[in-house]
Amino acid sequence: YTLSLHDALPIFGEVASKTIVSSMTAGWETIDVSTYLKTQKAKGATSVTLVIASFKNTKPDANGNLVINGYTLSFDSEEATNKPYLLINGGGTPLTPTDDSTIAGATPTTNLGGALTLGTSWSWGDPLAERHIYLKFDLSGVGSINTAVLNLYRIAAATSAASGVTYPVTVFACSNYTTVGGSTQWSEST
């Protein structure tokens with residue numbers, strides 16, 4: 001039996017969740033992570049790693065029945081133009097990740113840390129279709145945190161079939177990764 005990241009997720013703490021619907025138009029998505037980051041900073045944390053995962057992404061078929069699919073919800077990475085960032089206390093300089101990566105069940109030993117996109121996907125009973133995003137942020141230069149909003153630039157769906165897919169997205173805390181990006185692989189997450 002091979003343990004998938006889906007099986008291992010209970011070891012992470014859920015930070016926030018949001019439903020995102022894919023579209024043929026790109027745009028910013030925001031997720032409030034205030035409670036978690038405020039608590040971590042108050043505990044003296046100098047960095048945090050967030051894991052973004054989506055489970056049971058669905059789209060209505062011609063009869064209106066929800067169909068589970070394996071499409072990937074994609075965002076720009078730190079190497080792209082519209083980098084992910086945290087907006088702390090409603091303003092100031094956006095805090096971009098020090099590292100980011102996607103891990104993929106289909107390529108468990110492949111390093112995707114330098115890719116221009118990040119992606120999350122899930123398909124019932126198919127761990128090869130799973131993809132999850134890791135974002136590491138350096139909090140050492142940040143004072144106290146009252147509010148924190150994660151901003152991700154959603155890439156437009158490539159086809160009409162991939163548009164209109166509903167993704168229940170969850171952000172998890174991850175305390176066991178000191179390195180993200182350069183060496184993060186699916187095989188290390190299980």
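Tutor: Start with helix α2: on one side of α2, Thr 35 and Ala 42 are exposed. Exposed means over 50% relative accessible area, buried under 20%, and partly exposed in between (1.4 Å probe, protein chains only). This is a predicted model, in which local features need pLDDT of at least 70, side-chain atom pairs count only at pLDDT 80 or more, and totals for chains, interfaces and linings use all residues. Residues are numbered from 1 along each chain as its sequence is written, and side-chain values use heavy atoms, with hydrogens and water left out.

Helix α2 covers residues 34-42, and its buried residues are Ser 34, Tyr 36, Leu 37, Gln 40 and Lys 41. Seen down the axis of α2, these buried residues fall within an arc of 165 degrees, so they line one face of the helix. The arc is taken from the directions from the helix axis to the C-beta atoms. Thr 35 and Ala 42 are exposed on the other side of α2. After α2 comes Gly 44, whose phi is positive, near 95 degrees.

What does the buried face of α2 pack against? Its buried residues pack against six strands: β1 (13-21), β2 (27-32), β3 (47-54), β7 (85-88), β11 (148-154) and β12 (166-174). Contact here means heavy atoms within 4.5 Å. Helices (H or I, at least four residues) and strands (E, at least two) are DSSP runs numbered from the N terminus. The protein chain has 3 helices and 12 strands. Of its 190 residues, 47% count as buried. Among contacts in the protein chain with a separation of 6 or more, 79% are between residues 24 or more positions apart.

In soluble globular proteins, nonpolar side chains tend to be buried together.

Leu 37 is also one of the buried residues of α2. As for Val 33, not counting residues up to four places away in sequence, Val 33 touches Val 15, Ala 16, Leu 86, Ala 148, Leu 150 and Val 171.

The structure holds 2 salt bridges. A salt bridge is a side-chain nitrogen of Lys or Arg within 4 Å of a carboxyl oxygen of Asp or Glu. In one of these, Lys 18 pairs with Glu 29, the closest N and O atoms being 3.3 Å apart. Lys 18 lies in strand β1 and Glu 29 in strand β2, so the pair ties together parts that are 11 residues apart in sequence. Arg 154 also forms a salt bridge with Glu 29, and here the closest N and O atoms are 2.8 Å apart. Arg 154 lies in strand β11 and Glu 29 in strand β2, so this pair ties together parts that are 125 residues apart in sequence. Salt bridges that share partners join Lys 18, Glu 29 and Arg 154 into one network.

Glu 29 is buried at 10%, and Arg 154 is buried at 8%.

Glu 78, in the loop between β6 and β7, is buried yet has no salt bridge. The nearest side chain of opposite charge, Lys 83, is 7.2 Å away. Lys and Arg count as positive and Asp and Glu as negative, while His and the chain ends are not counted. Leaving aside its neighbours within four places in sequence, Glu 78 is in contact with Lys 83, Pro 84, Pro 97, Thr 98, Asp 99 and Asp 100.
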